[in-house]
Every structure is written in structure tokens, then in C-alpha cells.
Amino acid sequence: MEFLSHLFSSGTLSQLLVGLSRTTILFIVSSGLSLILGVLRIPNVAHGSLYMIGAFLAYSVIQLFGGGVPAYAAALVLAPLGVAVLGFVLERGFFSYLYEREHLMLLLLTFSFALIIGDLVKIVWGTEYRSVTLPGAFQGSAEILGLPLPYYNLFLLLVGPVIAVFLWLVINRTRMGKIARAAAIDREMVSAVGINVGWVFAFTFVLGCFLAGLGGALIAPMTNISLGMDHSLIIEAFLIVIMGGLGNVWGALLGSLVFGVTQSLGILVWPKFGIVFPYLAVVAVLVFRPKGLLSSTW
Amino acid sequence: MKKRTFVAVSVALLLLCALPLFLPRFYVYVASIVLLTGLLATSLNLAIGYGGIYQFHHTVFYGVGAYGTALMLTRAGAPAPVAMIAGPLAAAALSLVMGLICVRLSKLYFGMLQISLGSLVWVVVYRWYSFTGGDDGIHGVPLPDPLASAAGAYYCTLAVTVLCLFALRRIAGSPFGKTLQGVRDNPVRSEAIGVDVTLHRLVALVIAGFFGGVAGSLFIVVDGSAFPDMMFWTYSLEVLIMCLLGGMYTFWGPFVGSSTLVLLRVFVSVYTQYWGLILGTILSLVIIFLPDGLLGFLVRRFRGREADGA
């Protein structure tokens, strides 16, 4: 029972907390993906590329303002906004003409955008790894139940619930959110009552892209910013969305929790192959609940 | 077979047989890759074009076929013919297991669960250094003499590919293939007239997986190596693009699409490293302007609409 002793060691809790802060990022990115899937019905493979752009933009903004807390704060605002603008262009320029196409075509079209964006990023930022140093205020660790947790991870743990509440407010309390929810279920009916569905879709897509960019900006200090960071993330985000229920933002939250926890504990249990546990969790969920954990809008 | 078709096929085969006589070694290698990638795309098309099944992660079977053959040759020291059959059989077995798990799900869920199962296989191959060589893959697979030269590998690939394409063509044109298209176009009605929809889909998946595995084991013959990138999900989407580019609702479309892309990639990468940019642009143009693909477009243009699915 060697793995049990691994599981119940003192490192477990801190591993779990670090895992949960990564979960925050997964949640932010996959909730955007889920919104786009639920309302626009686009399986957006380019979502990971938007996340990558968010990270690179955050890097550039921080370089531009010369580091420190203000530069970091600016990056957290400007990078997602830049990605949102790009999303607006993509939605109005391409997707708005293609909603009636088969999902397969939409998926491949977004994959072609992912390929194009990948190379454009290569042209703009080059192929080397980039990294962002945290401002001094974020360096160091807090103590939680006697275990060290880096301040930045703590910050992420606080950001997650804030974003969840923000999304809840947008989806449930704003007129746009209500229309978007209605459009997710029956878009013909929404346009039949005289609402311009096009703008609802544009709004949803832009919000989704903003979330992808925010995820990228938030992860920038924690990882090497590199080409290819989109490929690993997008599969995880899709799995989370599928596990939670297509188009269900709360499913995305639950899914990322399951994914993040199985990931961080899996590595403790079986260091070499721990990475398979989140995949197994998805398979298990879909075998027993083919429509995902929570209900799906599909 | 009509007389004209017969003559055309014979001439094409003769030309293909003569290729190594006048092409330099590198291009013989490229021609082998074109053939086996064509087989890979055609095998995928049995599931997606004929069956309407969202097989998003087809290259898993390609990879398993390749690894199966490579491992049989390096670890078990099996003779080449045995290894070349073992790889595809492993792929077919995996396809059966994955199919059983996924087959009752609806289209997009099917595709996504399939991607996740495929990624699981990829992760295992990528991490299992002691068995699969991990991210380094397996290189320098020992091959018997006739296969070791570029021309020998080419002739082997040509023979196997032609046989497999012939078999796939027969399957697509058989009553089973026709029923499969019925299932694709209207599963509810097919069920109502007594077709076992699930069984047909499952059989189509296993056949597609098997021939995908054959393509993988041919890759071992041609290249002598296997690496995890063969079964990374982006490559699966590239193979899907090949099907789409040539035309999914025609039998030869995927072959045309894959030959176009493989050759284009070889020649483009001489001039630029931005292959993704070019592929993405081509793909988006095809999706927006030619949703039936190149061959599908030509077929519709010259034969009229009744030739669909031929």
C-alpha cells in the first residue's frame, strides 16, 4: 500500500492547493469554451490559441511597462481585452456567416484558425520560451495549516470564485445573459421575437475570448510561455467541457475541479503515469453519464 | 469494371511500379509516404464519410499499428510478415474497445470521448519509456533485406496499399457499405427497417481501425521508426483535413486530399517553416468555398448530383 502513504503524506494538502490554483485557470478557459459551445454551437479548437495569445500579450505588456505590480495589473486587463478584440473580428468576420454548417466543418474551420494563429504567434514573438517574473509583492508564500502556499497560487484561488460569481451575474442577471441562455436553447425563437441574435452571438463569443485571454494572462507567471501551450490546454479544456456537460458553465466549474484534483492527486499516487487519471475520470463520467455531470444545453 | 477504367487503372499501376526506376531515393520515400497516408485517410473516410461517425482521433490506430509492428520486430524478434499483421490486429482490437465505449453517444460527444480515449493511449505511449521509448519513440527498427532498401519498401507499400484500397472499395460498395450510408443519412429510419445501427457503426469502426493500423505498420517498413507524434490529436485533425480537402462523400477523395497535402508539405517546407499558416489558409478556403472538397466538387460539376456517395 505504498501509494496510500504517498496519498496521506503532509505534502498532499499543499499539492492539492497548488493543483486547485491551476484548476482556476482551467475553469476560466473552459467556461469561455463552454459558453461558445452552448450558445454559438462552435466547437472552438482555436480557443487554446486565444489563451496562448493572452499569455504572450501579457508578457509583452509587462515588458512594455517594465515589471512591477502596475505593469502586472495592466497586463491582466489589456491582454484579455486584446484577445476579446481579436475574437470580435473572428466572430463578425467569419463565424457569423457559418453558423448553419455542420459541427465537423466548424471544428475544422476553427482548427485552421488555430494553425494560422500558431504561426502568426511564431512570426510575432519568435520561437524561444518567454517567462514573466512575478512582481516583488507576489513573491514568497503564505502559510495554510502550517504548509507553505505561494502568494500567487493563493491569489489564483481567490480569482476563481470571483470569476464564477461574475459569470453567474452576467448569465443570470443581465438582459444579454438571459437572451444568450434563450438563444442556446432555441435560437430561431429568439430571433422570431425580434431580438438581433447576431449581436448576442458576438457578445457571447467576445466574452468567451476574453476569458481565454484572461486564463492566458493569469498563467503567464507560472509557466514557460511557449508555442504549443495551446495544444495541451485545448484538449484539457474540451475534456472538462464534455465532462461537465456541453455548454454548461457550472459543468465547466465542476469538471475543472474533478480534472484538477485527479491531476494533482494522481501525480502523488503514481508519479510516472499520474497524468492518465484525469483522462480516466472523463472516460468514467461519460460511460456512466453520457451527457456529462450536469445537464447539457445540447 | 468498365473497359476504360480497367485500362486507366492498369496504366496508373504500371506507372507507379516504374517510379523507383527514374526517381531519386528521397522521392521514392515521399511516394511511399503518399501511398500510406492515402490509405490512412481512406480508412478514416469509411467511418466519417460513409458512416457519418465523428472519428476525431483516427491516428491512434495508425500509431498503434506502427508501435505494434515495431515492438514485435524489436522486442519479440518476430518475422516481418507476422509483425505487419500483429500491428493492424492490435489497432483493430483497440478500435473495438474504444468503439464499444463510444458508440452509443451522439456525434460530437462520440468525437470528444474518442479524442479523450485516444489521448489516454497517447499519454501512455508518451510516458512509458521502458516499453515504447517514451517521447523518443523507436528508431532503427530492423527490417529483412528485401524491405530495407527504399525501393523495396516502396514496392511493399504499393502492393499492400493497392490491396487494401481494393478491399476498402469492395467494402464500401458492398451491401454493408450501402447500409452504412443509410445509417449515416438517417439512423432513425434505418433502425425502423430493422438495421442494427450500433452494430454497423461498430463494424465500420473496427474496419477503419484495422486499415489505419495497416498504414501505421507500412510506416515502419518505409521509415523504420515510430514516435508519439504520430498519434497526437493534431495529426488526427490533419488527416480529417485530408478527407475534407479531397471530398468526404467520394471514395477516392481522401486519397486525392492526402496526396495533395503530403506533396504540398514536402515542397512548401523547402521554402518556409510556416506550414501551419499555409495549411490553415487552404483549409479555411476549402471549407468556406468548397464544402464538398476538390473531388466532390468535380464530381458534382461533371456528373450531376446523382453521383453522390459513389
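Which backbone oxygen does the side chain of Ser269(B) reach at 3.2 Å? In this predicted model, the side chain of Ser269(B) reaches the backbone oxygen of Val266(B) at that distance of 3.2 Å, and the side chain of Ser269(B) also reaches the backbone oxygen of Arg265(B), here at 2.5 Å. Ser269(B) itself is found in helix H13 of chain B, which covers residues 253–271. With a relative accessible area of 46%, Ser269(B) is partly exposed, because that value lies between the cut-offs of 20% for buried and 50% for exposed.

| Side chain | Backbone oxygen reached | Distance |
|---|---|---|
| Ser269(B) | Arg265(B) | 2.5 Å |
| Ser269(B) | Val266(B) | 3.2 Å |

Turning to the interface between the chains, 45 residues of chain B are in contact with 44 residues of chain A. Chain B and chain A bury about 3,900 Å² between them, and 79% of this area is on carbon and sulfur atoms. Between chain B and chain A there are eight residue pairs in polar contact, counted where both residues have pLDDT 80 or more, whereas the count of salt bridges between chain B and chain A is zero.

On the side of chain B that touches chain A, helix H5 (107–127), helix H12 (233–246) and helix H14 (275–289) of chain B each supply at least two residues, and H5(B) gives the most, with 13 residues. By residue class, this side of chain B divides into 31 nonpolar, 10 polar and four charged residues.

How values were computed:
Residues numbered from 1 in each chain as written. Chains lettered and ligands numbered in written order. Predicted model: local features only at pLDDT ≥ 70, side-chain atom pairs only at ≥ 80, totals over all residues. Heavy atoms only, no water. Helix = DSSP H or I, 4+ residues; strand = E, 2+ residues; numbered from the N terminus. Buried < 20%, exposed > 50% of the residue type's maximum accessible area, 1.4 Å probe, protein only. Polar contact = N/O pair within 3.5 Å; in protein donor to acceptor, adjacent residues only side chain to side chain. Contact = heavy atoms within 4.5 Å. Buried area = accessible area lost by both parts, 1.4 Å probe. Salt bridge = Lys/Arg side-chain N within 4 Å of Asp/Glu carboxyl O. Nonpolar A, V, L, I, M, F, W, Y, C, P; charged D, E, K, R; others polar.
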